[in-house]
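Work through the exercises below with the model open. Each task is followed by its solution.

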Amino acid sequence: ALIGGAIIISIAFFLTEKIIRQMQQTDLEKKTLGDQLIRASRLAELGEMAAGFAHEINNPLQVIKSEQTLIETILDDFKKNGQLPPSEDLDDLEDSIKQISLQVGRCSKITHAILKFGRKDEFKPIDVDLQTFIPEIIDMIAQKARVNGINLEQRISSDIRPIFGDPAQLQQVLLNLFNNALHAIEERHGVSGGNLLISIENKDENNVAIKVRDNGCGISPENLGKIFSPFYTTKPVGEGTGLGLSVCYGIIKNMGGTMAAESKPGQGTTFSIYLPASN
């Protein structure tokens, strides 16, 4: 009886400790989930603020553009009337005006892209011409790639078929993948030796393949199977919400497509998106 009682007490202590550890683990996961939700909410608020800033910036940009056009018109009139003879100073002035026009146009493209990204629209699928759509998104991260010494290459087949999907949501997916790739490349290579390849081709007569390949730090096999799980992230606290890839996966699935990843630690990662082509 004594031996049996001792065994029962030992088992009870063991089970109690196990239950306590599980409860502590559950509390930790709950706290982590709450922190991630708070950060996700802050990111959403930041997105709304960015859209507001973009709208406010776009207004003075239009004024600058109008004034620049007026200056060009007046200069042309002066040149036609002979009031401004050709000179080196005049050439420099015209070059400066062209540079103003170029930079205003660039800023305008960025603000419109932010407004498009932050717009709260319902899912509205349309035919999307990837030959023009993808380069516009690549332009949004091209400067960041150059600053960090990353070779950015795009291969877009000339016979690529349009896809049927929501352009705003597809932009969200691609920007997420591009930024993740840049982060992985910087982590491994620093400011030299990085390569990012974005390719698009017809997978078959019914589907189009979009691939984002980097030579970054890669993903370990044990983590590769979890990357599309909600709130899963390998980034340190404060550097990621864990929402990105799971949201991307859901968006692509909602468009009738699929998404997959291949990776080798120390070699890089390839994300593949397959979307149905338009009929």
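**Exercise 1.** Classify K79 as buried, partly exposed or exposed, then find its salt-bridge partner.

Solution. K79 has 37% relative accessibility, so K79 counts as partly exposed (buried is under 20% relative accessible area, exposed over 50%, partly exposed in between; 1.4 Å probe, protein chains only). K79 forms a salt bridge with E94, with the closest N and O atoms 2.6 Å apart. The term means a side-chain nitrogen of Lys or Arg within 4 Å of a carboxyl oxygen of Asp or Glu. K79 sits in helix α1 (residues 2–80) and E94 in helix α2 (residues 88–118), so the pair ties together parts 15 residues apart in sequence. Helices (H or I, at least four residues) and strands (E, at least two) are DSSP runs, numbered from the N terminus.

The model is predicted: local features need pLDDT of at least 70, side-chain atom pairs pLDDT 80 or more, while totals for chains, interfaces and linings use all residues. Residues are numbered from 1 along each chain as its sequence is written, and side-chain values use heavy atoms, without hydrogens and water.

**Exercise 2.** How many salt bridges are there by this rule? Describe the one formed by E153.

Solution. The count is 2. E153 pairs with R155, the closest N and O atoms being 2.9 Å apart. E153 is partly exposed at 31%. R155 is also partly exposed, at 46%.

**Exercise 3.** Where does N215 lie, and is N215 buried or exposed?

Solution. N215 is in the loop between β5 (207–214) and α5 (221–224). Its relative accessibility is 14%, so N215 counts as buried.
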